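Please keep the sequence and the three-dimensional view at hand while reading.

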Amino acid sequence: MKFGPVVHFTWACATLSSLVMLGCAGSHSASSESGIYVYPAVSRCGTETPSREVRAEVERDLAQSRQVYFHSTLRIPIYVHVIRKDYGVENGDVSELQIRHQVNYLNQVFARSTQSGTVVFQFAVASIDRTTNATWYQFGVDDLGQDAMKYALHKGTARDLNLYINGMNNGHYGWSTFPWSYQASPLRDGVVILNGSMPGGSAAPNNLGNTLVHEVGHWLGLYHTFEGGCSTSAGDYVSDTPAEATAAQGCPVGRDSCTGSQFPGVDPIDNFMDYSDDGCMTRFTAGQIDRMVSSYSLYRENR
């Protein structure tokens with residue numbers, strides 16, 4: 001169990017100016033002879049956790065917010081930026097059909113994760129642009145040059161999702177910025193995913209589209225379910241996600257890494273914010289939906 005406020009209502013002036021970025025890394029290997037990368041069934045993501053001070057400030061901001069939503073739909077435009085090496089699918093030139101399949105899947109996930117009568121997030125493609133740049137195509141979270149890519153392509157405001165799709169070949173599936181980072185560095189805001197992680201992509205078993213779902217969770221203010229490990233005083237700040245000692249690998253049904261009466265429930269391996277394989281991930285909790293709504297309305301809406 002993770003302690004922290006589960007906020008159903010939000011609005012306040014955000015004071016946080018610290019920028020924190022997530023880096024979601026697998027350990028996929030690559031075959032450079034053919035130029036086609038092969039992704040084994042491995043872990044999903046490695047996160048740069050915000051400092052204790054940043055997390056504490058975020059929780060204070062969320063706890064002091066005061067806006068309530070009833071039967072609302074929060075519509076989020078997506079500006080899609082396809083980064084390719086050259087023309088053709090083999091060079092990362094992802095088709096519009098595959099992009100729309102990915103966004104449709106994202107909407108299906110949020111629709112089934114939201115209980116009747118509560119807030120629903122709804123995503124829609126606002127535009128798709130394509131950039132041929134072999135250097136940007138390989139950028140990962142540790143590449144400082146990614147700023148040039150984002151500064152050149154970023155569109156919209158804090159409430160708009162900028163999605164960058166490339167062929168990162170340095171051990172990553174994707175990464176995201178947090179919502180409270182926007183004020184300090186608006187042009188860095190957004191999500192980057194590996195093209196092979198999209199539905200029907202080459203990054204099996206993580207090619208069902210859940211990399212984007214996971215990263216959008218971060219973009220809307222969620223931490224990983226195993227944040228803080230087996231601790232009753234720290235964690236992901238969501239009360240209905242059971243404590244978890246470490247990230248799940250594969251789909252270890254029934255795993256219970258935090259035992260004892262103070263840690264009820266088995267590990268949330270089916271949660272989108274764990275590192276399980278795509279086929280194992282099926283849900284957000286009600287508390288996570290509440291936190292995403294709170295973070296969106298505080299840090300993104302009307303900015």
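Which residues form one aromatic cluster? The model is a predicted one, and in it the cluster consists of Phe 110, Phe 121, Phe 123, Phe 272, Phe 284 and Tyr 296.

**Aromatic pairs**

The count of aromatic pairs comes to 12. Two of these pairs are set out below.

| Pair | Geometry | Centre to centre | Angle between planes |
|---|---|---|---|
| Phe 121 and Phe 123 | stacked | 6.5 Å | 25° |
| Phe 178 and Tyr 223 | edge-to-face | 5.6 Å | 70° |

Phe 178 belongs to the loop between strand 4 (174-176) and strand 5 (191-194), while Tyr 223 belongs to the loop between helix 5 (210-219) and helix 6 (286-299); the pair therefore ties together parts that are 45 residues apart in sequence. Both Phe 178 and Tyr 223 are buried. Phe 121 and Phe 123 are likewise buried.

A charged residue also meets a ring: Arg 300 lies over the face of Trp 219, at 3.7 Å from the ring centre.

**Helix 4**

Which residues of helix 4 (residues 146-153) are buried? They are Gln 146, Met 149, Lys 150 and Leu 153. These residues are on the same side of helix 4, because they cover an arc of only 90° around the axis. In general, an α-helix has 3.6 residues a turn, so residues three or four places apart point the same way.

The buried residues of helix 4 are covered by elements including strand 1 (73-84), strand 2 (120-132), helix 3 (134-137), strand 3 (161-166), strand 4 and strand 5.

Note on methods: Residues are numbered from 1 along each chain as its sequence is written. This is a predicted model: local features need pLDDT of at least 70, side-chain atom pairs count only at pLDDT 80 or more; totals for chains, interfaces and linings use all residues. Side-chain values use heavy atoms; hydrogens and water are left out. Rings of Phe, Tyr and Trp (its six-membered ring) pair if their centres lie within 6.5 Å; planes under 30 degrees apart count as stacked, over 60 as edge-to-face and the rest as tilted. Buried means under 20% relative accessible area, exposed over 50%, partly exposed in between (1.4 Å probe, protein chains only). Helices (H or I, at least four residues) and strands (E, at least two) are DSSP runs, numbered from the N terminus. A charge sits over a ring if NZ of Lys or CZ of Arg is within 6 Å of the ring centre and within 35 degrees of the ring normal. The arc is that of the directions from the helix axis to the C-beta atoms. Contact means heavy atoms within 4.5 Å.
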